[in-house]
2 protein chains.
Amino acid sequence: MAVYTQVPAEEIDAFLTRYDAGRLVSAKGIAEGVENSNYLLETTGHDGALGSGGGHRYILTLYEKRVDEADLPFFMDLLDHLGARGCLVPRFIADREGKRLQQLAGRPACLIEFLTGISVTEPTVGQARAAGAALGEMHRAAEGFTGERRNALDLPGWHELAAKCGEDFDRIAPGLGARVADELAFLDAHWPADLPRSVIHADLFPDNVLMLGDEVTGLIDFYFSCTDIRAYDLAVTHSAWSFSHDGATCHGDRAAALCAGYRETHGLTEAERAAFPVLCRGAALRFLLTRAYDWINTPADALVTRKDPLAYLRRLEFYASADPAVLLGA
Amino acid sequence: MAVYTQVPAEEIDAFLTRYDAGRLVSAKGIAEGVENSNYLLETTGHDGALGSGGGHRYILTLYEKRVDEADLPFFMDLLDHLGARGCLVPRFIADREGKRLQQLAGRPACLIEFLTGISVTEPTVGQARAAGAALGEMHRAAEGFTGERRNALDLPGWHELAAKCGEDFDRIAPGLGARVADELAFLDAHWPADLPRSVIHADLFPDNVLMLGDEVTGLIDFYFSCTDIRAYDLAVTHSAWSFSHDGATCHGDRAAALCAGYRETHGLTEAERAAFPVLCRGAALRFLLTRAYDWINTPADALVTRKDPLAYLRRLEFYASADPAVLLGA
């Protein structure tokens with residue numbers, strides 16, 4: 001959520017000459033996404049002319065250490081595959097030699113399509129339905145994609161993360177360490193083994209969905225996308241779209257709309273429906289763990305905002321006690 | 001250089017309904033300017049239609065504590081005055097009731113015109129000339145402006161800042177405290193008293209000049225603008241455009257071009273020319289002092305980049321020993 005690498009505008013302008021993208025007329029460092037450096041660029045377009053209402057826009061991303069360069073071809077191929085099948089996702093742009101991955105200011109760097117739309121903070125029921133439908137469309141479009149990427153934040157990954165937090169959990173809240181250990185034992189015993197797997201977004205928070213009104217105009221930030229249980233993606237999205245920010249209130253109408261939207265475009269098997277409460281518990285634990293780890297490892301006076309891990313403990317407790325039928329809203 | 005106040009996109013969209021600015025279609029937090037929070041907005045325009053190449057763009061600024069709300073009318077009136085006289089400066093936009101200053105997310109907030117152009121990092125000679133010419137045009141256009149604002153960073157202000165740094169100067173470099181004290185004594189004895197005064201930008205670094213090629217497309221970030229010795233503005237600009245970043249090398253060709261550009265559009269009186277070396281020493285000391293203060297008061301491991309105060313000590317030593325004729329390049 002910051003610009004980690006400052007790139008002189010002259011270097012960006014020179015970088016753009018590799019592409020049929022026109023000349024640079026504006027470059028603004030933007031604060032968004034995972035830990036990359038992002039610039040919103042405006043160019044004259046490949047015809048060199050400035051449009052009356054503004055030029056062509058692109059996102060320039062420089063990958064900092066959190067994204068592994070070796071994973072970039074997977075993300076690029078995935079977005080090409082999804083885009084070719086009608087999903088509104090930002091494509092990586094190839095230069096005149098067909099190269100999408102470049103180096104800039106000593107970092108792996110890519111020029112990426114800019115999509116309009118805003119990220120809502122408090123989704124309406126209509127927006128939750130549209131997000132569910134867009135996730136289902138993405139899962140349909142992903143069929144036939146042959147790329148594979150392991151989810152580093154799967155059940156074995158949660159065990160590793162919990163072990164790293166160790167004694168420090170209880171500095172966040174007394175008893176948290178024991179609660180996490182209990183939940184991991186529960187998930188070890190109940191995590192489903194035979195559900196359909198596919199490529200999933202794995203982080204489809206409202207931040208990562210661009211909308212205009214109730215319409216989805218883009219799904220972005222695929223840098224956690226991986227191969228995992230497909231219905232787990234709906235569980236992650238459920239945990240991200242259905243609650244108050246502090247996790248204390250589940251908005252049943254949003255949750256129902258999200259699931260209804262997903263059913264319209266994709267749907268769940270009987271086995272997926274049966275496992276859904278466990279998948280939601282896993283999704284809540286995943287964000288509880290990464291937030292706890294960041295909380296423990298970020299000084300309280302740092303400039304980055306620490307997200308409250310307990311907001312996901314509250315979701316976890318909700319999922320652990322909810323009526324399974326209520327979760328899916330039908 | 002960060003987004004300090006996060007504003008939900010829904011709130012920005014609602015905020016825009018006060019203006020004839022269209023509906024929000026994109027909002028990106030941008031990392032620029034002094035310590036304000038800035039968003040680059042895109043809207044449908046007041047006709048509600050999206051242009052083919054993109055919509056209308058605006059800057060939304062929320063003022064954090066570094067800008068005093070009481071100063072905002074001065075800045076607004078100045079940019080109106082300059083804009084009406086043909087200067088390329090970003091105007092503050094009035095809502096339907098004629099109000100330019102609003103509140104948003106608990107902060108004073110303004111909608112501001114977006115200007116295209118990029119900020120160069122290593123100015124060419126042609127760009128330095130254009131910057132000098134733009135400064136001179138700005139000084140011409142400022143004639144007749146009746147607003148007044150004291151420069152908090154004037155000679156008395158430098159004494160205050162030096163006193164606050166006190167013993168800590170020598171943590172930056174041994175002997176720095178004594179050098180600053182000597183320079184303050186020199187400036188007390190030689191600071192010119194009777195030079196023409198006017199409103200000045202006071203911070204016209206390359207960051208604050210938008211360019212396309214060798215053409216200036218905008219002067220921005222007037223939040224240090226104030227009433228002071230007019231030629232001091234050229235001295236500040238000289239210190240900002242004529243040196244390598246570390247201050248070790250003065251690029252005489254850039255300096256000469258900057259001054260030539262200024263002469264084309266404004267010019268200096270004989271008294272201003274005579275005092276120019278002293279004004280440049282003052283400009284170098286001003287940035288040395290603010291950088292030293294920030295250095296002392298920013299932890300080394302903070303996420304904000306500390307700018308090296310010694311880069312301005314080197315400029316100061318250059319100015320203290322330079323041939324006056326060389327400074328002005330003629």
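**Interface of chain B and chain A**

B:R57 and A:E42 form a salt bridge, with their closest N and O atoms 2.2 Å apart; the term means a side-chain nitrogen of Lys or Arg within 4 Å of a carboxyl oxygen of Asp or Glu. This is a predicted model, in which local features need pLDDT of at least 70 and side-chain atom pairs count only at pLDDT 80 or more, while totals for chains, interfaces and linings use all residues. Residues are numbered from 1 along each chain as its sequence is written, chains are lettered from A in the order in which they are written, and side-chain values use heavy atoms, without hydrogens and water.

*Pairs across the interface*
- Two salt bridges are counted between chain B and chain A.
- There are 10 residue pairs in polar contact, both residues at pLDDT 80 or more (N or O atoms within 3.5 Å, one able to donate a hydrogen and the other to accept it; residues adjacent in sequence count only if both atoms are side-chain atoms).

*Side of chain B that touches chain A*
- α1 (9-16), β1 (24-30), β2 (36-43) and β3 (56-63) of chain B each give at least two residues to this side (DSSP runs, helices H or I of at least four residues and strands E of at least two, numbered from the N terminus).
- The largest share, seven residues, is from β1(B).

*Extent*
- The contact (heavy atoms within 4.5 Å) involves 33 residues from chain B and 33 residues from chain A.
- About 2,600 Å² is buried between chain B and chain A, 59% of it on carbon and sulfur atoms (accessible area lost on being put together, 1.4 Å probe, summed over both).

Note on methods. Buried area = accessible area lost by both parts, 1.4 Å probe.
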